Amino acid sequence: MKIRNNISTLLFIAFLLLFTQYGNAQIADSIKYENGFLHYHEYGSKNLPPIIILTGGPGNSYNQLEGLAETISPKYRSILLEQRGTGKSIPIPFDSTTVTINTVTKDIKTLMDSLKIKKSIILGHSWGGMLAMNFASEFPNSVNHLILVAPGPHKNAENGFNVLFTNRTHTRSFKEEERLNQLNELIAKKEADSLEIIESKKLSRRAYIFANPIPDSLFQKISSDNNSKTASLLLQDIFKNYDVSKSLNNYEGQIDVISGRQDVVGFFSYELKQDIPKANIHWINECGHFPMYERPSEFYKTLYAILNVK
């Protein structure tokens, strides 16, 4: 009897460890491709309409949008991709030949083909919105609805990011900027303690959140690991080669943009509307860059209205 109880206990512990490893995902799996494995996470029944969710960054972990994927999983088969160069999806070799706007775009098609999904809703946040636009430009027949949440630029990315970085700095007061510089110096010298590291992260994200100071509960949701090497490789390529101002017209389906009215990145949504008039912009007031966490009620009401679901 004791042996049976011990075995049951061990099996229960093993299950807990497995559950912890894969978070709250109903399915965590991978796809083999020429440079390694692409990992992905599914939430919701396979019988539901698919929606592929693309996280921002570039280089951010998939788990930054796990809350979104879980929330809509009763209505959609939500699929979060660990984009190439993030999490476990590290290519071999890991350099400018394998991490480009072209390769990460094709990865989405590889994912869909592996899961036998012919067409899907594509939802991208921030950099994920840029990636979603590029995918719709390259594979227009694979997208049945394009949803962009606080997207980055659709053209002239280097200039756009320079404006963004300047605006971001101006959202902080002189004292906040001075304190951030002090903290970053301590971090560079490896002299900062854990509280100072958190304070630095909060100040650096200050521009992206409407509430000031950022509530701890919100900070935890928007914080995620970032692969700086992936970010650097992709930004270099984006600055040289990313422009969907004309090619996005290859996609003839519906485009909806959800943005926070006070988002420091919000001007990119205005610019997109100028080049792609059919894009519908939905503004959420008193909201920054993360409407799904800052104003969840308004965000999901808007999202479900766009998708025509109750």
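Buried here means under 20% relative accessible area, exposed means over 50%, and partly exposed is in between (1.4 Å probe, protein chains only). What you're looking at is a predicted model, where local features need pLDDT of at least 70 and side-chain atom pairs count only at pLDDT 80 or more, while totals for chains, interfaces and linings use all residues. Residues are numbered from 1 along each chain as its sequence is written, and side-chain values use heavy atoms, with hydrogens and water left out. Helices (H or I, at least four residues) and strands (E, at least two) are DSSP runs numbered from the N terminus.

**Aromatic pairs**

- Two rings of Phe, Tyr or Trp (its six-membered ring) pair up if their centres lie within 6.5 Å; planes under 30 degrees apart are stacked, over 60 edge-to-face, and the rest tilted.
- By that rule, the count is seven aromatic pairs.
- Take Tyr270 and Trp283: their ring centres are 5.0 Å apart and the planes meet at 35°, so this pair is tilted.
- This pair ties together distant parts of the chain, with Tyr270 in helix H10 (residues 267-275) and Trp283 in strand S8 (residues 280-284), 13 residues apart.
- Tyr270 is partly exposed at 48% relative accessible area, and Trp283 is partly exposed too, at 24%.
- Phe299 and Tyr300 make an edge-to-face pair, with 5.0 Å centre to centre and 80° between the planes.
- Phe299 is buried, with a relative accessible area of 0%, and Tyr300 also counts as buried at 10%.
- Phe161, Phe165 and Phe239 are linked into a cluster by ring pairs.

**Charges over rings**

- A charge sits over a ring if NZ of Lys or CZ of Arg is within 6 Å of the ring centre and within 35 degrees of the ring normal.
- Lys75 lies over the face of Tyr304, 5.3 Å from the ring centre.
- The charged end of Lys229 sits over the Phe94 ring, 4.4 Å from its centre.

**The core**

- A nonpolar core is a set of buried Ala, Val, Leu, Ile, Met, Phe, Trp, Tyr and Cys residues joined through side-chain atoms within 4.5 Å.
- The largest one has 79 residues, and those with the most contacts inside it are Ile53, Leu146, Leu248, Phe299 and Leu303.
- Leaving aside residues up to four places away in sequence, Ile53 touches (heavy atoms within 4.5 Å) a set of residues including Leu65, Leu68, Ile72 and Leu123.

**Helix H7**

- The buried residues of H7 (residues 194-204) are Glu196, Ser200 and Leu203.
- Looking down the axis of H7, these fall within an arc of 70° (taken from the directions from the helix axis to the C-beta atoms), so they line one face.
- They pack against helix H6 (174-188), while the face turned away from the buried side carries exposed Ser194 and Leu195.
- Asp193 caps the N-terminal end of H7, with a side-chain oxygen 3.1 Å from the backbone nitrogen of Leu195.

**Helix H9**

- Thr230 is in H9 (residues 228-241) and counts as buried at 1% relative accessibility.
- A polar atom of the Thr230 side chain lies 2.5 Å from the backbone oxygen of Gly85.
- Residues up to four places away aside, Thr230 touches Gly59, Arg84, Gly85, Thr86, Phe94 and Val99.
- Lys240 is also found in H9, but counts as exposed at 69% relative accessibility.

Conventions
A polar contact is a pair of N or O atoms within 3.5 Å; within protein, one must be able to donate a hydrogen and the other to accept it, and residues adjacent in sequence count only if both atoms are side-chain atoms.
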